[in-house]
Amino acid sequence: MKRPLFSRLWPNATAIILFAGFAFPVYWMFATALKPTGDIISENPVWVPTDITFGHFRTAIDADHFWTLVANSVTVTVSSVLLSLVIALLAAFALARMRFRGRRGFIAMFMLAQMAPWEVMVIAIYMLVRDNDMLDSLVPLTVFYAMMVLPLTILTLRGYVAAVPKELEESAMVDGCNRTQAFIKVIFPLLAPGLMATSLFGFITAWNEFPLVLILNKDIEKQTLPLWLSQFQTAFGDDWGATMAASSLFALPILVLFIFLQRKAVSGLTDGAVKG
């Protein structure tokens with residue numbers, strides 16, 4: 001029996017409307033970056049740029065310290081993601097495979113840590129970094145960014161480890177592998193979707209993080225792109241084309257990464273949410 005036409009159309013129509021609502025600001029940002037200044041400040045909006053210019057991107061790239069801040073952002077983001085993955089893999093394996101007193105308490109603690117806003121610890125973080133003479137350094141940023149994504153990374157990877165049959169690991173050990181070799185050769189390759197999902201989440205979190213670098217790093221040479229972007233409008237006055245070009249350059253790595261990893265990311269987050 002066929003469903004009524006309306007019941008078949010409204011989910012698709014709703015999805016299209018929601019997609020348009022979320023996609024339009026992104027489109028407008030990139031479109032504004034490609035328009036000449038006259039079209040940007042025109043009273044009549046130019047919805048589709050026809051006279052395309054890349055001068056605004058050149059202005060953004062030629063801004064002071066741009067490439068230094070790009071290098072800082074890439075260094076901090078990649079390092080924090082790798083650090084969180086290494087720690088999370090070990091913790092996820094212990095929580096999924098081993099039975100010990102307080103195991104459920106550890107899992108509940110990770111869930112609470114994920115729900116709690118880390119901003120409540122900003123003062124304590126600042127005092128800790130200051131007392132250890134590590135202000136204006138990329139190391140504290142890397143460590144604290146890794147801590148931000150660690151609870152979700154552990155919970156997601158724990159679900160993946162729990163979903164791998166123990167028999168595969170035991171068979172590898174019967175064939176001569178020790179526990180470490182069995183983990184590397186058998187379990188680790190099966191965790192690829194979960195690793196991609198958590199890596200994407202960690203990348204977005206670390207790449208976009210703003211308040212912590214604002215508080216800890218006053219030296220422009222030790223800052224990251226989010227802080228530079230917040231000061232860009234002040235540096236260039238009312239140059240909206242350059243501002244939108246700078247925003248586009250900042251958002252481009254995340255958009256490209258998400259486009260390539262979106263299927264793995266979604267399946268990784270859902271498949272990792274298993275009981276164990």
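The structure holds nine aromatic pairs; rings of Phe, Tyr and Trp (its six-membered ring) count as a pair if their centres lie within 6.5 Å, and a pair is stacked when the planes are under 30 degrees apart, edge-to-face when they are over 60 and tilted otherwise. The model is predicted, so local features need pLDDT of at least 70 and side-chain atom pairs count only at pLDDT 80 or more, while totals for chains, interfaces and linings use all residues. Residues are numbered from 1 along each chain as its sequence is written, and side-chain values use heavy atoms, with hydrogens and water left out.

**Stop 1: the aromatic pairs**

Select F24 and W47. Their rings form a tilted pair, 6.3 Å centre to centre with 50 degrees between the planes. F24 belongs to helix α1 (residues 5-34), whereas W47 lies in the loop between α2 (37-40) and α3 (55-61), so the pair ties together parts that are 23 residues apart in sequence. Helices here are DSSP runs of H or I with at least four residues, strands are runs of E with at least two, and both are numbered from the N terminus.

Is F24 buried or exposed, or partly exposed? F24 counts as partly exposed, because its relative accessibility is 39%. The cut-offs are as follows: buried means under 20% relative accessible area, exposed means over 50%, and partly exposed lies in between (1.4 Å probe, protein chains only).

Next, select W207 and F250. This aromatic pair is stacked, at 5.8 Å centre to centre and 20 degrees between the planes. W207 lies in helix α10 (residues 192-208) and F250 in helix α13 (residues 240-271), so parts that are 43 residues apart in sequence are tied together by the pair. W207 is buried, with a relative accessible area of 5%, and F250 is buried as well, at 13%.

F24, Y27, W28 and W47 form one aromatic cluster. Then show K35: the charged end of K35 sits over the ring of W28, 3.8 Å from its centre. For this description, NZ of Lys or CZ of Arg must be within 6 Å of the ring centre and within 35 degrees of the ring normal.

**Stop 2: the whole chain**

Colour the chain by secondary structure. It contains 13 helices and zero strands. Of the 276 residues in the chain, 37% are buried.

The UniProt record, an unreviewed entry, lists "transmembrane region" for residues 12-30, 74-95, 107-129, 141-161, 182-207 and 240-261. UniProt positions are given in the numbering used here, feature names are shortened, and annotations may be inferred rather than shown by experiment. Select two of these spans in turn. Residues 141-161 are 100% helix and 0% strand, and their end C-alpha atoms lie 29 Å apart. Residues 182-207 are 96% helix and 0% strand, with end C-alpha atoms 34 Å apart.

**Stop 3: helix α7**

Select residues 138-163. Helix α7 has 26 residues and reaches 37 Å from its first C-alpha to its last, close to the 38 Å expected at 1.5 Å a residue; the expected span is 1.5 Å times one less than the number of residues.

Where does α7 bend? The bend is at L150, by about 45 degrees, and a proline, P151, follows within four residues. The bend is the angle between axes fitted to the seven residues ending at a residue and the seven starting there. Helix α7 is mostly covered, with 20 of its 26 residues buried. At the start of α7, a side-chain oxygen of S137 comes to within 3.3 Å of the backbone nitrogen of V139.

**Stop 4: two positive phi values**

Most residues other than glycine have a negative phi. Select D136, in the loop between α6 (122-131) and α7. Its phi is near 60 degrees, a positive value in a residue other than glycine. D136 is partly exposed at 31% relative accessibility.

Now select H65, in the loop between α3 and α4 (66-97). H65 is not a glycine, yet it has a positive phi of about 70 degrees. H65 is partly exposed, with a relative accessible area of 31%.

**Stop 5: contacts across the sequence**

Select A60, which lies in helix α3 and is buried at 0% relative accessibility. The C-alpha atoms of A60 and G241 are separated by 9.3 Å, although the two residues are 181 residues apart along the chain.

Finally, select Q223, in the loop between α11 (211-216) and α12 (225-235). Q223 is buried, with a relative accessible area of 4%. A distance of 6.9 Å separates the C-alpha atoms of Q223 and N72, which are 151 residues apart along the chain.

Key:
Polar contact = N/O pair within 3.5 Å; in protein donor to acceptor, adjacent residues only side chain to side chain.
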